[in-house]
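I opened a structure that was new to me and kept notes. Here is what I looked up.

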Amino acid sequence: MSKSQSHPSTTEIYFTLKNNVPGLGSQIIPVVGLGTASPSDRAPETKEAVITAIEKGGLRHIDTAWFYGTEKFIGEALQEVFSRGKVKREDLFITTKVWPVYWDNASESIDISLKDLQLDYVDLVLQHWPLCFPKILKPGSNGNGVPQYIGVPHDSETGEPLVESEKDYLTTYKQLQSIVLDPRDHRVKNIGVSNYPIGYLNKLLSDPDIKITPAINQVEINPQCPQLELAEFCHEKGILMTAYSPMGSSGAPILKLPEIVELAKKYNCSGNDIVISYLIRRGIVVIPRSLNLQRIAKDFQNYILLTDEDVDNINQIGIKTPFRHIDEDFAKSIPGFTGRTKTKAT
Ligand SMILES: NC(=O)C1=CN([C@@H]2O[C@H](COP(=O)(O)OP(=O)(O)OC[C@H]3O[C@@H](n4cnc5c(N)ncnc54)[C@H](OP(=O)(O)O)[C@@H]3O)[C@@H](O)[C@H]2O)C=CC1
Ligand SMILES: O=C1O[C@H](CO)[C@@H](O)[C@@H]1O
């Protein structure tokens with residue numbers, strides 16, 4: 001199959017968010033967004049990456065978070081793009097997330113993100129993890145202005161992450177719900193969650209205070225971590241999924257898997273094309289990260305018509321040897337996030 005065969009570009013494909021926010025109507029989300037969890041020493045490069053993604057790559061979706069420290073560079077990029085007049089705010093879908101240090105103050109977290117992004121609203125806010133962390137100021141931070149909290153606080157003696165397990169992680173989602181339901185508050189269009197396994201989603205959905213089903217659950221999904229049970233559960237509940245670390249994160253190890261290399265040969269395309277098309281084919285939104293401007297301009301757009309058999313074969317990689325690439329120490333208390341090779345990826 002040659003690249004010239006006419007498939008839609010990924011930039012022409014949108015999924016519908018089945019939210020039930022009163023008065024919002026159905027919202028659409030571009031199936032490919034640019035991930036922006038850039039390494040901290042390269043965070044400023046995120047500006048050019050975002051400009052390239054929008055203006056050369058045709059992407060209309062950017063995934064970010066307070067935790068990444070890249071929002072102000074994204075804000076600068078968006079201002080530059082808007083100043084040229086071709087792409088408008090309403091053409092874009094911007095996601096941010098509330099980190100567990102802001103578990104009981106989602107509103108403040110959203111304000112900080114909006115200020116850095118130089119936006120009046122975001123299209124989607126996710127609770128980043130179903131966890132609560134204590135607010136500990138960074139050494140040297142004098143407490144004036146916006147507090148500078150340590151992102152992942154650890155016990156200085158034991159080295160263990162400081163997770164406040166006695167606190168209710170649903171607080172964050174309930175705060176997001178109050179914001180999106182307040183007719184005077186226009187900062188957020190859709191709300192969702194991230195890193196929620198099935199048990200946690202069941203708890204959220206059966207809570208009597210919850211009226212809005214999360215529009216999205218963003219979790220690690222890739223050929224080694226296909227999340228088949230979670231995807232089926234979310235599909236039944238009308239929750240769309242977003243795949244983070246689709247390439248297996250830094251170094252893109254997924255692209256070296258023999259099955260992916262083989263399929264790329266079969267379709268005369270890149271490994272990125274195979275992974276992105278596999279996820280879209282499963283009805284999953286995908287947010288690859290890159291700071292390589294050539295890649296951003298041309299390697300996230302090519303949609304390959306994979307067969308059912310191809311998709312099954314890719315799923316088999318993770319069924320046979322499940323492996324989770326994002327394995328944070330603070331996530332130990334969440335079932336399914338307990339280890340790497342042993343992890344059953346649901
Ligand atoms: N909700 C959550 O908890 C999480 C959300 N995320 C989100 O998901 C996004 C994507 O996940 P992330 O973990 O960043 O990583 P990805 O799986 O997208 O991999 C990114 C890495 O792959 C490299 N890469 C991509 N294509 C190629 C290629 N063809 N050849 C060589 N290297 C390649 C990139 O390098 P290069 O820059 O050189 O292209 C980059 O280092 C994040 O940026 C973030 O927005 C991520 C983790 C957790
Ligand atoms: O979004 C996120 O990115 C980091 C890893 O890149 C992870 O801790 C967090 O959930």
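**A histidine in a loop**

I began at histidine 128, which lies in the loop between E6 and H4. Helices (H or I, at least four residues) and strands (E, at least two) are DSSP runs, numbered from the N terminus. I am reading a predicted model, where local features need pLDDT of at least 70, side-chain atom pairs count only at pLDDT 80 or more, and totals for chains, interfaces and linings use all residues. Residues are numbered from 1 along each chain as its sequence is written, while chains are lettered from A and ligands numbered from 1 in the order in which they are written.

I looked up His128 in UniProt: an unreviewed entry lists it under "binding site". Such annotations may be inferred rather than shown by experiment.

Is histidine 128 buried or exposed? Histidine 128 is buried, because 23 other C-beta atoms lie within 10 Å. The cut-offs are 20 or more for buried, 12 or fewer for exposed, and partly exposed in between, with C-beta atoms placed from the backbone.

I then listed contacts (C-beta atoms, placed from the backbone, within 7 Å). Leaving out residues up to four places away in sequence, histidine 128 touches Ala65, Phe67, Lys97, Val98, Trp99, Pro100 and Ser194.

**The ligands**

Which residues are around ligand 2? I found Ala37, Ala65, His128, Ile326 and Glu328. To count, a residue's C-beta atom, placed from the backbone, must lie within 6 Å.

Ligand 1 is surrounded by 26 residues, and the closest are Gly35, Ala37, Tyr244, Arg289 and Ser290.

**Helix H3**

I checked the length of H3 (residues 106-117) next. Its 12 residues, at 1.5 Å each, should span 16 Å, and the end C-alpha atoms are 16 Å apart, so the two agree. The expected span is 1.5 Å times one less than the number of residues.

Ala106, Ser109, Ile110, Ser113, Asp116 and Leu117 are buried in H3. They cover an arc of only 130° around the axis, so they sit on the same side of H3. That arc is taken from the directions from the helix axis to the C-beta atoms.

What covers the buried residues of H3? The cover includes helix H2 (71-83), strand E5 (93-98), strand E6 (124-127) and helix H4 (170-181). Just after H3, I noted glutamine 118 with a positive phi of about 55°.

**Glycine 33**

I ended at glycine 33, in the loop between strand E2 (27-30) and strand E3 (34-35). Glycine 33 is buried, because 26 other C-beta atoms lie within 10 Å.

Note on methods:
Two residues are in contact if their C-beta atoms, placed from the backbone, lie within 7 Å.
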